[in-house]
Amino acid sequence: SKGHVIMVRFKNRYLVVNVHFANQGKTSADGMSVNSIMKELKASIQTEFGVKGAADVQGSLQSKYWNHQTSTLILRVSREHYQQAWFALTVIRALEGIPARLTVIHVAGSIKQAQKRAVELLRRQLGSKEHKLELQQAEQALAAMDI
């Protein structure tokens, strides 16, 4: 018999993360780039898990969505390594020198579930009428995410 090709699907987890800035009057992540956050996260992973651990986690680590108005981030990481990424997020204490805490508010098995949870969060944060346009823009950006 001929050899069969076995397709293996990569199992990922999607972390919905909220960034909280401590005092200094900074309530949103205006001007904060996703690259700064990812750089800090990668440094945290290496500090906590060493070079090999960093290589393992970073192989599948990718930012899928960032909204600076609501300080909401969605990360994709392999199911095998999502707990290391989660831990590394929680020990970060500053972004670009500004005191900050990163909190994982939801772990999803699919990008659709992560989007759904992020929309719920956005609606809670931007639910008032004066934020209607920002909410619509954020929802559109989530819907148009690279899946």
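Contact here means heavy atoms within 4.5 Å. The structure is a predicted model, in which local features need pLDDT of at least 70, side-chain atom pairs count only at pLDDT 80 or more, and totals for chains, interfaces and linings use all residues. Residues are numbered from 1 along each chain as its sequence is written, and side-chain values use heavy atoms, with hydrogens and water left out.

The chain contains four helices and five strands; helices (H or I, at least four residues) and strands (E, at least two) are DSSP runs, numbered from the N terminus. Read from that end, the elements follow the pattern β-α-β-β-α-β-β-α-α.

The five strands build an open sheet in the order 2-3-1-5-4, with antiparallel pairing; two strands pair if DSSP finds at least two bridges between them. Strand 2 (62-67) and strand 4 (94-95) are the edges, each pairing on one side only. Strand 2 is joined to strand 3 (residues 72-78) by five bridges, and Trp-66 stands opposite Leu-73 in strand 3.

What lies across strand 1, strand 2, strand 3 and strand 5? Helix 3 does, running at about 165 degrees to strand 3. Axes are lines fitted to C-alpha atoms, for helices over the stretch in contact, and angles run from 0 to 180 degrees between N-to-C directions.

Helix 3 (residues 111-125) also has a partner in helix 4 (residues 132-143): their axes come within 10 Å and cross at roughly 175 degrees. The two helices are therefore roughly antiparallel (an angle over 145 degrees). Among the residues that meet are Ala-118 and Leu-122 in helix 3 and Leu-135 and Ala-138 in helix 4.

Methods:
Angles under 35 degrees count as roughly parallel, over 145 as roughly antiparallel, 65 to 115 as roughly perpendicular and the rest as oblique.
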